[in-house]
Amino acid sequence: MEYIVETKKITKRFGKEYAVEALDLKIPKGEIYGFLGPNGAGKTTTIRMLLGLMRPTLGTIQIFGKDLKRERIEVLKKVGSLVENPSYYPHLTAYENLEALRKIYGISKKRIDEVLEIVSLLDVANKKVKGFSLGMKQRLGIAASLLNSPELLILDEPTNGLDPSGIIEIRNLIKSLSVEEGMTILISSHLLSEIDQIANNVGIISKGKLIFQDSIDVMRKQSQNKISFKVDDCEKVWRFLISSGIKADFSEDTISMLEQNDENVATVVRLLVENGFSIYRVEEEKRSLEDTFLQMTAEERVI
Amino acid sequence: MIGKLIRTDFMKIRRKGIWFLAILGPFGVVALQMVNYGLRKDWFIQQDTFSWFYYVRNVSAFTPFALILGIVILASFMASIENETNAWKQLIALPVSKWSVYLSKYTTIGLLLVFATCLLTVFSLGFGVLLGLGGEIPYLDLIRYCFYPLFAALPILGLQLWIALVFQNQGFPITIGVFGVIMSYMAYFLPDWLIWKWPSLDNQWDEPLLNVCMGLVVGLGIYLFGMLDFIRRDVK
């Protein structure tokens, strides 16, 4: 698989604190990569390193197969970004704000109208940004990130401060950019529901460490409902099930299996009873994607 | 690249009253002479100092003060434009090198100061002519006494820009700046090695050109130091 972004053990230390530790990020070409993590987990620090705003204490970053440290300017020509709160010059109009960026990219003026159209700000193009609502400023930030028709778009919490219809609009925009322009998109959020609806790939960061990175389908699989058995002697039961060709996990005092159809559950129960094991409880454990996420990011249990 | 950055920097100072400041500064310096000559014209004539030679030196007595104040305000202004919504992260994530961003800010302030100094020359000349000062107009002397302080003040520009860009809170750079302005008031009593003395063009050898050379050399040194520090720092 071709990776647009590939980091090797990037680490950022502030004094004694590790904000990000040994991160191996892999973002496949043309995909929407959801970068998930609770507040303060290190998402923004990672994104700042990807944009060359911060220098990693250790590790290397490759974007488009180029070393970021050595070819920063070449790389950034094809990257669009919106980091945290949108940056703008309040005393300038929306148009002038984009013009200040356009001059540096050296692209045609037509593109400003195009991106303003995309985020539906064309009718307020000549108004000062000072008077914009938070949602409009956010859209302006997204317009700025699209200005250079980037191949890699990095959006840090892009739906912050948007109303529900705005969120849906931005979500659709991100999807269409990925489908129609083949853009690779990194989108960070602390809300799983947000990522779940648009991303194909997920990376979960917690306390500066990447604790999960794979396609969202794999994560969904992990969030399947489980059937758990409470029995008298776990280990023995587990060995017995394995030897009978039934997949099961055991932990402390329960045996668990990924969701099975009713028939299979009945078979397992029958098998155990016939072989003289005592079953105390058979329970169905319902797990949503949210639970998996919470469990993953919970302190004690790091996967 | 640097040209593009300077153009955007000039765009960003639109509607901020910076141009007004650049006009007000030199006007203020000449206005002080209007008061001076308005009140004491007879005394100057009596003392036999009512001439271009003394007039040029009288004007230049207030130039350092206005110049340093201007530098302090402009440097903090340039920084606050980017600090206001932390536009640094947007600016540095553009395909530009950090040194060119720094150089562009420095050059923009420099060009504004050159503009102000040109105005100072024109205003002083205008008021001098209006006064009807005796003798031929010493154009070269006039230009020299307007522009020399600017070059001699380059180390202060380097210092102020550096601390303005490094500190988020502009309180510190402004404090240092005001301190510098006060120092420039008593330039005569300061030792020659203090950079705040240099714009006064005064030194123990009585050679203004020395201050200009020192300004250029030390100014370049402080500029490079500030720029390298700026490059080294992470963008918050």
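We'll visit the interface, then a sheet. This is a predicted model, where local features need pLDDT of at least 70 and side-chain atom pairs count only at pLDDT 80 or more, while totals for chains, interfaces and linings use all residues. Residues are numbered from 1 along each chain as its sequence is written, chains are lettered from A and ligands numbered from 1 in the order in which they are written, and side-chain values use heavy atoms, with hydrogens and water left out.

**Stop one: the interface.** Colour chain A and chain B separately. Each gives 31 residues to the contact (heavy atoms within 4.5 Å). Now select A:Leu53, A:Tyr89 and A:Ile104: in chain A they lose the most area to chain B, together 25% of what that side buries (buried area is the accessible area, 1.4 Å probe, that two parts lose on being put together, summed over both).

Next, show B:Arg15 and A:Glu96. They form a salt bridge, with the closest N and O atoms 2.4 Å apart (the rule: a side-chain nitrogen of Lys or Arg within 4 Å of a carboxyl oxygen of Asp or Glu). The rule finds 3 salt bridges across this interface.

**Stop two: a sheet in chain A.** Select E13, E14, E12 and E15 of chain A (strands are DSSP runs of E, at least two residues). In that order they make an open, antiparallel sheet of 4 strands; strands pair if DSSP finds at least two bridges between them. Click A:Asp249 and you'll find its bridge partner in E14(A), A:Ser256.
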